[in-house]
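Work through the exercises below with the structure in view. Each task is followed by a solution in steps.

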Amino acid sequence: MSTLTNIWSFIRRHKYLITIGIFTAIIGFLDENSLYRRFKYEREINQLKKEIEKYKAEYEESTEKLNELQTNPEAIEQIAREKYLMKKPNEDIYVFEETE
C-alpha cells in the first residue's frame, strides 16, 4: 500500500510536469500532425521542388533543341551524322571509341 501512496504523491507533486511531458510526446511524435511528420514532409517537398526544377531545365533544353531542328536544316544534318551515322554518297565515316 505504501508504494501506491508513494506513486500517488509523486504524481500529485509533479502533475504539471507530467502533463507537459505527455503533451509534448503527443504533439512531437504521436499526433497525425506531429512535428516529426511535418519535418519529414518538408524534406520531401524540398526534394520534389528540386526534381521539378531539374525537369523544367530539361524541358527548356528539349524545347530549344526542337525549335532549332524545326528552323535549321543544318542541325538536322548534324544529328543524322552524329547519332545515326548517316553519310553523303561520296563520304567515308570513321568511328572512334573512347577507352578509359
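**Exercise 1: polar links between the domains**

Task: find how many residue pairs are in polar contact across the interface of domain 1 and domain 2.

Solution. The rule finds two such pairs across this interface, both at pLDDT 80 or more. A polar contact is a pair of N or O atoms within 3.5 Å; within protein, one must be able to donate a hydrogen and the other to accept it, and residues adjacent in sequence count only if both atoms are side-chain atoms. Next, sort the residues on the side of domain 1 that touches domain 2: three are nonpolar, one is polar and two are charged (Ala, Val, Leu, Ile, Met, Phe, Trp, Tyr, Cys and Pro count as nonpolar, Asp, Glu, Lys and Arg as charged, the others, Gly among them, as polar).

The model is predicted: local features need pLDDT of at least 70, side-chain atom pairs count only at pLDDT 80 or more, and totals for chains, interfaces and linings use all residues. Residues are numbered from 1 along each chain as its sequence is written, and side-chain values use heavy atoms, with hydrogens and water left out.

**Exercise 2: the domains**

Task: state the bounds of the two domains and the distance between their centres.

Solution. Domain 1 covers 1-32 and domain 2 covers 34-99, with bounds from an automatic or database domain assignment. Their centres, taken over C-alpha atoms, are 59 Å apart.

**Exercise 3: a charge and a ring**

Task: which residue lies over the face of Tyr 55?

Solution. Lys 54 does, at 4.9 Å from the ring centre (the rule asks for NZ of Lys or CZ of Arg within 6 Å of the ring centre and within 35 degrees of the ring normal).
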